[in-house]
Amino acid sequence: MYAVSSSPTDAAKGPRTAPALELESPSATAFKRLSHRARRALRFAIDEASETDGGMVDSGFLLIGLAAEAEYSGASWLSNLGLTLDDLCAVSQRILSRQPQTTGTRLPISQAARCCVVDGIAEAGLMGYQKAEPEHLLLGILQNPDADANLILHEMWIETASLESEALASLPTWGSVHHRFG
């Protein structure tokens, strides 16, 4: 698509650049590479962000969305670390100074949260998964030490090595074509 231009004037302008990644769009390539559980985690993150005055969906909300999905689906990484969704929400509100919001608006996804999702999708691909699971997105958060989510984890005394081990142990391993080796 980038090598062939649609008109002579386009060819004179030089090569095209890829459009910006838009995770909110259901047609986005990145969104299609997420499993149903990962999409549900993003939905939980967006819902949580819309209820507070954060201004956008940042990596802290992504972490909360992943925790909510873990509680919903029964994934073990959250409970194995002694965490609860309520604890994550309380620490997030306290250290990131979030207040309840009264109006519901569509919020953008922060660049840091996008990087976490994209890194999680890349991690899934490296591991041979066709679609990224929530645990891959959690690994994506851990690859971005400057993300707000890591402030929350640090405040809760959660070691990244322990969280990484739990995330890897929680990954679906039944080997179906849906999850592995597309």
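A residue counts as buried under 20% relative accessible area, as exposed over 50%, and as partly exposed in between, using a 1.4 Å probe and protein chains only. This is a predicted model, in which local features need pLDDT of at least 70, side-chain atom pairs count only at pLDDT 80 or more, and totals for chains, interfaces and linings use all residues. Residues are numbered from 1 along each chain as its sequence is written, and side-chain values use heavy atoms, with hydrogens and water left out.

**Figure 1. Glu 164 in helix α10.** Glu 164 belongs to helix α10, residues 160–170; helices are DSSP runs of H or I with at least four residues, strands are runs of E with at least two, and both are numbered from the N terminus. Because its relative accessible area is 39%, Glu 164 is partly exposed. Beyond its neighbours within four places in sequence, Glu 164 is in contact with Leu 139 and Leu 142, where contact means heavy atoms within 4.5 Å. Leu 138 stands 26 residues from Glu 164 in sequence, and their C-alpha atoms are 7.9 Å apart in space.

**Figure 2. The chain as a whole.** The chain contains ten helices and zero strands. Its 182 residues include 42% that count as buried. Of the contacts between residues at least 6 apart in sequence, 70% join residues at least 24 apart. The accessible surface comes to about 9,700 Å², and carbon and sulfur atoms account for 55% of it; such areas come from the Shrake-Rupley method with a 1.4 Å probe, and for residues only the protein chains shown count as cover.

**Figure 3. Helix α3 against helix α4.** Two packed helices are described by the angle between their axes and the distance between the axes. Helix α3 (residues 36–50) packs with helix α4 (residues 59–73) at an angle of about 125°, and their axes are 7 Å apart. That angle makes α3 oblique to α4; angles under 35 degrees count as roughly parallel, over 145 as roughly antiparallel, 65 to 115 as roughly perpendicular and the rest as oblique. Axes are lines fitted to C-alpha atoms, for helices over the stretch in contact, and angles run from 0 to 180 degrees between N-to-C directions. Residues of α3 in this contact include Arg 37, Phe 44 and Glu 48, while those of α4 include Phe 61, Leu 66 and Tyr 72. The residues of the contact of α3 with α4 comprise eleven nonpolar, two polar and four charged.

**Figure 4. Helix α4 against helix α9.** Helix α4 also packs with helix α9 (residues 148–155), at an angle of about 65° and with axes 6 Å apart. Ser 59, Gly 60 and Leu 63 of α4 meet Asp 148, Ala 149, Ile 152 and Leu 153 of α9.

**Figure 5. Met 56 in the loop between α3 and α4.** Met 56 lies in the loop that separates α3 from α4. With 32% relative accessibility, Met 56 counts as partly exposed. Apart from residues up to four places away in sequence, Met 56 touches Ala 49, Phe 61, Leu 107, Pro 108 and Ser 110. The C-alpha atoms of Met 56 and Ala 113 are separated by 9.8 Å, although these residues are 57 apart along the chain.

**Figure 6. Trp 157 in the loop between α9 and α10.** Trp 157 is located in the loop between α9 and α10. Its relative accessibility is 79%, so Trp 157 counts as exposed. Most residues other than glycine have a negative phi. Trp 157 has a positive phi, near 60°.

Definitions and conventions
Ala, Val, Leu, Ile, Met, Phe, Trp, Tyr, Cys and Pro count as nonpolar, Asp, Glu, Lys and Arg as charged, and the others, Gly among them, as polar.
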